[in-house]
Amino acid sequence: MTENSEQAHVSPEGDGRTNRRPRSLIVSFFGTYARDLGGWIGVADLIALMAGLGVDAPSVRSAVSRLKRRGLLVSERIGGVAGYRLSEEGHRVLAEGDQRIFGHRVARIDDGWVLVVFSVPESERGRRHALRSALTRLGFGTTTAGVWIAPAHLTDQARRVLRDLGLEGYVELFHADHLGFGGPAEAVARWWDLPALQEMYRGFLAEHEPVLEAWRRRGGRAGAPEPGPAAFADHLRAVDAWRRMPYLDPGLPPELLPDPWAGSRAARVFFDLHSLLRDPGLEHVRATVRG
């Protein structure tokens with residue numbers, strides 16, 4: 001579910017960056033900022049904020065319509081002002097995302113693994129596709145047909161997701177240790193596409209590490225970043241790019257990964273950007289809404 005990142009010219013003023021899908025940016029906005037506003041924002045304010053990221057009004061309205069159809073947003077007027085509110089489902093989805101995105105856990109080899117073993121009849125291929133899609137979104141790797149694997153800390157989340165999708169009748173879950181043959185690093189390299197994950201992280205670094213360095217240089221001269229559209233845009237772009245990655249990388253044990261592993265540096269860049277820009281970005285959002 002990740003988008004390919006392209007290296008682009010960057011500056012603290014937030015111009016010239018890679019464009020992202022409006023719907024994705026709006027989901028990231030509601031997850032990052034809208035809950036601090038009570039979960040509701042007026043249409044005009046949302047359009048004004050998204051304009052700072054190069055998203056025009058028709059694209060905002062189209063994206064919101066799709067999110068309403070998915071049940072994540074609902075229309076609501078407050079004081080005669082048309083706006084959008086997170087639905088109960090939207091709050092649930094974003095809360096789960098918070099745990100995965102901001103509480104991303106790195107496994108230890110001693111923790112072991114969770115195995116998902118499933119068998120779905122040919123007559124129910126749709127359920128088989130749904131099951132595979134769910135496991136892929138959780139970051140599971142594939143050992144062989146019908147046997148998927150992930151670090152053991154994903155056990156409860158996998159159980160919850162499979163139950164919510166009504167797929168528990170097709171699945172058995174096991175806790176396992178790797179006993180050979182061959183080293184666990186070799187096995188992990190077969191079960192996950194590590195080169196693709198490395199490329200994903202390198203793309204994130206190419207786009208967002210220069211942004212962090214530019215803000216640090218600016219902050220070194222003038223203190224903390226000032227609230228404004230640049231801080232908001234750079235922060236939201238970083239969140240939007242990062243939030244898919246913890247779902248594609250389940251937090252594999254570092255000693256089983258190539259050295260250097262770009263994911264470690266990418267995580268530091270993201271969390272440093274988040275720490276630096278989140279508060280000034282929120283101040284800009286609140287100023288726009290009040291205005």
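Contact here means heavy atoms within 4.5 Å. The model is predicted: local features need pLDDT of at least 70, side-chain atom pairs count only at pLDDT 80 or more, and totals for chains, interfaces and linings use all residues. Residues are numbered from 1 along each chain as its sequence is written, and side-chain values use heavy atoms, with hydrogens and water left out.

**View 1**
Strands (E, at least two residues) and helices (H or I, at least four) are DSSP runs, numbered from the N terminus. Gly42 is buried, at 3% relative accessible area. Buried means under 20% relative accessible area, exposed over 50%, and partly exposed in between (1.4 Å probe, protein chains only). Not counting residues up to four places away in sequence, Gly42 touches Val81, Ala82 and Gly83. Arg85 lies 43 residues from Gly42 in sequence, with 8.9 Å between their C-alpha atoms.

**View 1. The largest nonpolar core, with 36 residues.**
A nonpolar core is a set of buried Ala, Val, Leu, Ile, Met, Phe, Trp, Tyr and Cys residues joined through side-chain atoms within 4.5 Å. Val188, Trp192, Leu194, Tyr201, Phe204 and Trp242 touch the most other members. Elements giving two or more residues to this core include strand 4 (113–118), strand 6 (147–151) and helix 8 (194–222). Helix 8 gives the most, with nine residues. Leaving aside neighbours within four places in sequence, Leu194 is in contact with Val188, Ala189, Leu252, Leu257, Pro258 and Trp261. A second, separate core of 29 residues includes Ile41, Ala63, Leu67 and Tyr84.

**View 2. Packing of helix 9 and helix 11.**
The two helices pack at an angle of about 135 degrees, with their axes 7 Å apart. That makes helix 9 oblique to helix 11. Angles under 35 degrees count as roughly parallel, over 145 as roughly antiparallel, 65 to 115 as roughly perpendicular, and the rest as oblique. Axes are lines fitted to C-alpha atoms, for helices over the stretch in contact, and angles run from 0 to 180 degrees between N-to-C directions. Among the residues that meet are Phe232, His235 and Trp242 in helix 9, and Phe270, His274 and Leu277 in helix 11.
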